[in-house]
Amino acid sequence: AVLAVKPLVGLRPPARARAWTLVGIYLLAMGLLLILLEPLLVRILELEALELRGTWLTAIAFALTGVLVLAARTMPPARPMALTLGGLLIAFLLASGLVAPSLDPIMSPRKQAETIAAYVDRGYRPLVYRVYPGTYSYYARRTLPETRDTAVLEAHLGADGPILVVMARKYWERHEGWFEAFERVQEQHVEGRPYILGVRDARRDEEPE
């Protein structure tokens, strides 16, 4: 923030006023974007619903800071500078404390990883297919086998006993015929992409007649 503001201090009053005007408009735009964030995410990610907390409070903090900066744009640079830093501090505290945690259902793999861990504890052998390394292992509190190799996936599907697989929905649909014996126990959006968790208690040829 100091490095970004330093050039503004040396500007002449007309140029400085224009610069702070742009800062104020930017902060107002951030407030508007936050108000539109929830319906935009629902539409873009094709979600049925999404409940974000604190978006209005954070939007008001950004917008009010923008208004105050615009009002102080012709004043000595210390005033709009202090207003910007103070307003951003409040806005980011609200965003990190309220908005960000409520994005967990569509951004964090925690819920699905915990479900995987529960199945592993019951004796299921897991495989994570074509997911960023460590994504599920961190929240599952154990190292989960991972692969990007289709041959490894096929070998896993042919294994005896109860098994578990997790992958993006597009890969599941691409190889849908391989999962006829699987039950889709969970589907969750992670960073805007749906991931499927499927389990199979036993191979069909192992089931009792």
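Reader: Into which accessibility class does R125 fall?
Author: In this predicted model, R125 has a relative accessibility of 46%. A residue is buried under 20% relative accessible area, exposed over 50%, and partly exposed in between (1.4 Å probe, protein chains only).

Reader: Which atoms do side-chain values use?
Author: Residues are numbered from 1 along each chain as its sequence is written, and, this being a predicted model, local features need pLDDT of at least 70, side-chain atom pairs count only at pLDDT 80 or more, and totals for chains, interfaces and linings use all residues. With hydrogens and water left out, side-chain values use heavy atoms.

Reader: Which residues does R125 touch, beyond those up to four places away in sequence?
Author: R125 belongs to strand β1, residues 125-129; helices (H or I, at least four residues) and strands (E, at least two) are DSSP runs, numbered from the N terminus. Contact requires heavy atoms within 4.5 Å. Setting aside residues up to four places away, R125 touches H156, A159, D160, P162, I163 and L164.

Reader: How many helices and strands does the chain have, and in what pattern?
Author: The chain holds 9 helices and 5 strands. Followed along the sequence, these elements give the pattern α-α-α-α-α-α-β-α-β-α-β-α-β-β.

Reader: What radius of gyration does the chain have?
Author: Along its principal axes, the C-alpha trace spans about 85 × 30 × 30 Å. The radius of gyration is taken over C-alpha atoms, and the globule rule is 2.2 Å times the number of residues to the power 0.38. A compact globule of 209 residues would come near 17 Å, whereas the chain has 25 Å.

Reader: What share of the accessible surface belongs to carbon and sulfur atoms?
Author: Buried residues make up 38% of the 209 residues in the chain. Accessible areas come from the Shrake-Rupley method with a 1.4 Å probe, and for residues only the protein chains shown count as cover. The accessible surface of the chain is about 12,500 Å², and the part that belongs to carbon and sulfur atoms is 60%.

Reader: How far apart in space are L33 and P77, C-alpha to C-alpha?
Author: L33 has its place in helix α2, residues 13-44. At a relative accessible area of 45%, L33 is partly exposed. L33 and P77 are 44 residues apart in sequence, and their C-alpha separation in space is 27 Å.

Reader: Is S108 buried or exposed?
Author: S108 lies in the loop between α5 (104-107) and α6 (110-121). Apart from residues up to four places away in sequence, S108 touches L103, Y139, Q188 and V190. Because its relative accessible area is 9%, S108 is buried.

Reader: Which residues does Y195 contact, leaving aside neighbours within four places in sequence?
Author: Y195 is found in strand β5, residues 193-200, and counts as buried at 9% relative accessibility. Leaving those neighbours aside, Y195 is in contact with Q112, V131, Y136, M167, A168, R169, Q186, E187, Q188 and V190.

Reader: What is the phi of R141?
Author: Most residues other than glycine have a negative phi. R141 is in the loop between α7 and β2 (146-147) and is exposed, with a relative accessible area of 59%. The phi of R141 is positive, near 60 degrees.

Reader: Which strand gives the most to the lining of the largest pocket?
Author: A pocket is an open set of points on a 1 Å grid over the protein atoms alone, where a 1.4 Å probe fits, with protein on both sides within 12 Å along at least five of seven lines; lining residues have an atom within 4 Å of a point. The largest pocket is lined by I44, L45, E46, R169, E187, Q188, H189, G192 and P194. With 3 residues, the element that gives the most to this lining is strand β4 (residues 183-190).

Reader: What volume does the largest pocket have?
Author: Grid points are joined across faces, edges and corners, and a volume is the space filled by probe spheres set on the points. For the largest pocket, this volume is about 160 Å³.
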